[in-house]
Amino acid sequence: MERLKIATVWLGGCAGCHMSFLDLDEFLIDLAGKVDLVYSPIADVKEYPEGVDVCLIEGAVCNDDNLEILHQVRARTKVLVSFGDCAVTGNVPAMRNQFGLGNADNVLQRAYIDNAQFNPVKPRQDGIVPLLRERVQPVHELVRVEYFLPGCPPPADCIKALMVQVLEGKTPKLEGRQLKFG
Amino acid sequence: MAAKTLTIDGKQISAEEGETILFAATEAGIKIPTLCHLEGVYDIGACRLCLVEVKGTPKLLPACTVKVAEGMEVSTDTERLRKYRRMTLELLFAERNHICAVCVANGHCELQSLAYGCGLEHVHYDYLFPRWEVDNTHRLFGMDHNRCILCTRCVRSCWHIEGAGTKNVSGRGAKSKIITDLNQPWGDSESCTECGKCVMSCPTGALFRKGSTVAESVRDRSKLEFIVNAREKKQWNA
């Protein structure tokens, strides 16, 4: 049997979900025996490959770069999993949405001008520094998502429960506290 | 009091006239999800989570306010009800800013536990991300409107257990807001007795004790029940 190609992607989030993924401990060794990790922040691959079977997406869609990667991931992946609260709800990165339109500018003003000790300037390097989007959005508002794994971060045993089922080609059944937000 | 016989989820039960479907179901060991219901204060049917099907009635009825009747056939857990319950919960999440990860009530929140109890893993509606304030003017307590679901438990316990009448509701629809006195900062309230019953009743992280941080807000509802029992039944069971 051909080995499944899995990927993980890190959009606007704190990497906590990836830390929790690493908390899978010895299950990672089992996993490594069954799948190829073809793209991930913990693997040095520059381009998201074609024909990925399963991708876990951490983080909300906060900037142009996130959106571009997301569309690429969707086009090249069979099963997308919104991985953690930022991907599922927007969570903390989406708190700036509460400040209405223009919040992106206000956020930059606060971070880079008001609180700057030296050289106050808003970063702007077209093509290098991605522009913040007007609103931070959860992944499923922008592309189709097959499965959702909430949690901030999702505990390792929930990731394991989901991965085992998804890798067997089943629709993952998680219930009760396994689906807890926060 | 006359006894009424009815069935709930196919189970034959008898209840006293004047009892609600929720009360009768609970007595019979049948659990109906609730959010605005709070032991010790009267019910208002605001949250719509306890909606049940009653044979012969096309409408869904709130179990917390509808009284039992002879021969009633009640269903509490059908496909249709599960669909509406999930929809109601999703709308509550979408309407304000419920960010469990940084909420004082994380792990002790009734909205959160009902959500995972219903298998809610994401919200289909677009989040509104409204702008709401946090009133931190009170010496002991705070009110975070971002987390409020307008169940009015705090209002009812303030008026009907404490009898202070400090908490109220202003506005309409999604813009409704729990207010203190005549929409003043809580810290300026002259009617608030600082009893903390509103904080004890809150199902989410909207009302909290100052000084508690993420996931630290554990409610003690038994104190409310104790007071009500003592007053109404003269039972001082601690």
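**Notes on the two-chain model**

1. Val169(B) has Ile178(B) as its bridge partner in β9(B). The hairpin has 6 residues between its strands, and Gly171(B) takes a positive phi near 80° there.

2. A word on conventions. This is a predicted model, where local features need pLDDT of at least 70 and side-chain atom pairs count only at pLDDT 80 or more, while totals for chains, interfaces and linings use all residues. Residues are numbered from 1 along each chain as its sequence is written, and chains are lettered from A and ligands numbered from 1 in the order in which they are written.

3. β1 (residues 3–8) and β2 (residues 11–16) of chain B pair in the antiparallel sense over 6 bridges, with Ser14(B) in β2(B) as the bridge partner of Thr5(B). Between these strands there are 2 residues, and Asp9(B) takes a positive phi near 50°. β1(B) also pairs in the parallel sense with β5 (residues 73–75) of chain B, over 2 bridges; Val74(B) in β5(B) is the bridge partner of Ile8(B).

4. Chain B is divided into domain 1 (3–77) and domain 2 (102–233), with bounds from an automatic or database domain assignment. The contact between them takes 12 residues from domain 1 of chain B and 17 residues from domain 2 of chain B, where contact means C-beta atoms, placed from the backbone, within 7 Å. On the domain 1 side, the touching residues divide into 10 nonpolar, 1 polar and 1 charged.

5. The contact between the chains takes 21 residues from chain B and 25 residues from chain A. The chain B side divides into 12 nonpolar, 6 polar and 3 charged.

6. The largest nonpolar core has 100 residues, and among those touching the most other members are Cys55(A), Ile21(B) and Leu207(B). Such a core is a set of buried Ala, Val, Leu, Ile, Met, Phe, Trp, Tyr and Cys residues joined through C-beta atoms within 7 Å. Leaving aside neighbours within four places in sequence, the contacts of Leu207(B) include Phe141(B), Met143(B) and Cys154(B).

7. Two loop residues of chain B are worth a look for their backbone angles. Leu150(B), in the loop between β7 (141–144) and α4 (153–162) of chain B, has a positive phi near 60°. Asn183(B), in the loop between β9 and α5 (197–201) of chain B, has a positive phi of about 60° although it is not a glycine. Is each buried or exposed? Leu150(B) counts as buried because it has 21 C-beta neighbours inside 10 Å, while Asn183(B), with 10, counts as exposed. The cut-offs are 20 or more other C-beta atoms within 10 Å for buried, 12 or fewer for exposed, and partly exposed in between, with C-beta atoms placed from the backbone.

8. Finally, a peptide bond to check in chain A: Cys152(A) and Pro153(A) are joined by a cis peptide bond, with omega about -5°. Pro153(A) is found in the loop between β7 (147–149) and α6 (156–167) of chain A.

Notes. Two residues are in contact if their C-beta atoms, placed from the backbone, lie within 7 Å. Ala, Val, Leu, Ile, Met, Phe, Trp, Tyr, Cys and Pro count as nonpolar, Asp, Glu, Lys and Arg as charged, and the others, Gly among them, as polar. Two strands pair if DSSP finds at least two bridges between them. Helices (H or I, at least four residues) and strands (E, at least two) are DSSP runs, numbered from the N terminus.
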